[in-house]
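Thanks for making the time this morning.

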Amino acid sequence: MINKIGKVTVYVNDQEEAKDFWLNKVGFVLKFEQEMAPGMAWIEVGPSEEEFTTLVLYSKPAMEQHNPSAVAHPSILFSTTDIESAYEKMQQNGVEVEEMQRMPYGTMFSFKDQDGNSYLLREDK
């Protein structure tokens, strides 16, 4: 069902400042950037072009408005090559899953572990 750890979301106060830090001070590369809303982007950085796992530099103020408790710790995004099959299998296994989200930047759904911790599974082909 799950092939890799795809992304770890880090909630940042200023996305451009965080991008500058990771690119120019740590030496990561910009893997992906797309505007999500005015003044907010989906920004992914990683240690190299070849590395699959990335950090998502997500707007902390935006998440605090949407889901304040989510910024307490980084979010983990797992990756699958078959989101429909993984969704069905998790449901069959009794995993608490949220509704599938189909966004321009990927199809995904949230699921919870036995302690109620939330994770995201996204299809990456």
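This is a predicted model: local features need pLDDT of at least 70, side-chain atom pairs count only at pLDDT 80 or more; totals for chains, interfaces and linings use all residues.

Residues are numbered from 1 along each chain as its sequence is written, and side-chain values use heavy atoms, with hydrogens and water left out.

Helices (H or I, at least four residues) and strands (E, at least two) are DSSP runs, numbered from the N terminus. Helix α3 covers residues 83–92, and its buried residues are Ile83, Ala86, Tyr87 and Met90, where buried means under 20% relative accessible area, exposed over 50%, and partly exposed in between, with a 1.4 Å probe and protein chains only. Viewed down the axis of α3, these buried residues fall within an arc of 100°, so they line one face of the helix; the arc is that of the directions from the helix axis to the C-beta atoms. They pack against β5 (75–80), β6 (96–97), β8 (106–112) and β9 (118–123).

Let me turn to strand β3, residues 40–46, where 7 of the 7 residues are buried, so the strand is largely enclosed by the rest of the structure. In a regular strand the side chains alternate between the two faces of the sheet. In β3 both faces are covered, with Met40, Trp42, Glu44 and Gly46 buried on one side and Ala41, Ile43 and Val45 on the other. Strand β2 (residues 29–37) runs antiparallel to β3 and is joined to it by 7 bridges, two strands being paired if DSSP finds at least two bridges between them. Within that hairpin, which has 2 residues between the strands, glycine 39 takes a positive phi near 80°.

Finally, the charged pairs: the whole structure has 6 salt bridges, each a side-chain nitrogen of Lys or Arg within 4 Å of a carboxyl oxygen of Asp or Glu. One of them joins glutamate 44 to lysine 7, with the closest N and O atoms 3.1 Å apart, and this pair links distant parts of the chain, β3 and strand β1 (residues 4–12), 37 residues apart. Glutamate 44 is buried at 5% relative accessible area, and lysine 7 is buried at 4%.

Terms used
Contact means heavy atoms within 4.5 Å.
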